[in-house]
Amino acid sequence: MVGGSGGISLRAKVMATFVAMVLGGTAISTLLGSRIITQELLAHERKRVYHGLEAANLVYRGHLDRLRLAVVEAGASPRALEPRALEELRRRHRLDALVLLDPRSRELLRAEGTRLPARGGLLAFARRGDVQRGFAATAVLAAEELEQLSPALAARVRIRLARGRALRAGLALCAAARAREGYLLGVLLLNRNSTVVDEIREVIYGGEMHEQVTIGAVSLFLGEHRVASNVRREDALGTPVAPEVAHAVLGRGERWGGRANVLGEWYATAYEPLRDPGGAIIGILGVGMQEAPYLAVRTNMMVTFL
């Protein structure tokens, strides 16, 4: 209603002020509520990822233990010194390589009987643990040594890096155990290996999906470079971990957890160092979970509230 002076009536002014206050209060409440909900959801996600890293560590150690038991079993076989039998044992236990160390000649024999130089990383690995009972650990093997074991293994380690470079070494699970007349060493190369990272992801996230994509991802790094991963981009291998992660995990030997941009997508992530038998840090185990599913829950909750 318009008053005699042509202005807006007092009632209209009061109503307009009330509506503005209600709308303003609703907007502020919505903004604050959205922020609180987002913080709580992402905090829950980070906690889940941290627990996921604990589970990933257990699965990774489980692979090491299974490798150790396989090599111990193979070493106990009376046919372990026969090249053809050695190859059969390798296939049965799904190893990438199974080689025999003859302490008398200080040389390595692989399944086909080919002799390898004793100066390689496998021999150094065998000397760093208790082969009488059998042991397993993560190790770095040079491409040249893997070439002697199998050209296919050497090809797997050559992952393209930035500026036209390529990796010349492999991250591997290795095990050594006493055989009847020497030592057996088993190798499971992790470069381009999807078995380990997929098993870890299945344990942590199961089949949980968001927009037809599994919500979690697991990566293994040799140094700072990704050598195995189920991040969905085809060019993920060879990409480096974030600088802040490398500084904490590789530089200081600490676990790192936080928000990270992984190949263009935001993840809640957690990382820990991988060490060789001597305790040197040689790589990283990392797990992550997309933020998008949690933000979608936030959005749905706010729409319902409004």
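Trainee: Why is Asp198 counted as partly exposed?
Mentor: Its relative accessible area is 30%. Buried means under 20%, exposed means over 50%, and partly exposed is what lies in between, with a 1.4 Å probe and protein chains only. At 30%, Asp198 therefore falls in the middle class. This is a predicted model: local features need pLDDT of at least 70, side-chain atom pairs count only at pLDDT 80 or more, and totals for chains, interfaces and linings use all residues. Residues are numbered from 1 along each chain as its sequence is written, and side-chain values use heavy atoms, with hydrogens and water left out.

Trainee: Is Arg201 buried or exposed?
Mentor: Arg201 has 18% relative accessibility, so it counts as buried.

Trainee: What makes Arg201 and Asp198 a salt bridge?
Mentor: The term requires a side-chain nitrogen of Lys or Arg within 4 Å of a carboxyl oxygen of Asp or Glu. The closest N and O atoms of this pair are 3.9 Å apart, so the pair meets the cut-off. Both residues are in helix H6, three residues apart, which means about one helical turn separates them.

Trainee: How many salt bridges does the whole structure have?
Mentor: The search finds 12. One of them joins Arg66 to Glu199, with the closest N and O atoms at 3.5 Å. Arg66 belongs to helix H1 (residues 10-76) and Glu199 to helix H6 (residues 194-205), so this pair ties together parts 133 residues apart in sequence. Helices here are DSSP runs of H or I with at least four residues, strands are runs of E with at least two, and both are numbered from the N terminus. Arg66 is partly exposed at 44%, and Glu199 is partly exposed at 30%.

Trainee: Why does the pair of Glu144 and Arg168 qualify as a salt bridge?
Mentor: The closest N and O atoms are 2.8 Å apart, which is within the limit, so the name applies. Glu144 sits in helix H4 (residues 143-149), and Arg168 in the loop between helix H5 (151-157) and strand S5 (169-179), 24 residues away. Both ends are partly exposed: Glu144 at 45% and Arg168 at 41%.

Trainee: Which residues form a network of salt bridges?
Mentor: Glu54, Arg255 and Glu272 are linked in this way.

Trainee: How do you know that strands S11 and S12 pair?
Mentor: Pairing needs at least two DSSP bridges between the strands. S11 (residues 256-262) and S12 (residues 265-275) share seven and run antiparallel, so they pass.

Trainee: What is the strand order of the open sheet with five strands?
Mentor: The order is S10-S9-S13-S12-S11, with antiparallel pairing. S10 (225-229) and S11 are the edge strands, as each pairs on one side only. S12 also pairs with S13 (residues 281-290), antiparallel and over nine bridges. In that pairing, Pro273 stands opposite Ile284 of S13.

Trainee: Which strands does helix H7 touch?
Mentor: Helix H7 (residues 243-252) packs on the sheet and touches S11, S12 and S13. Contact means heavy atoms within 4.5 Å. The direction of H7 makes about 135 degrees with that of S13. Axes are lines fitted to C-alpha atoms, for helices over the stretch in contact, and angles run from 0 to 180 degrees between N-to-C directions.
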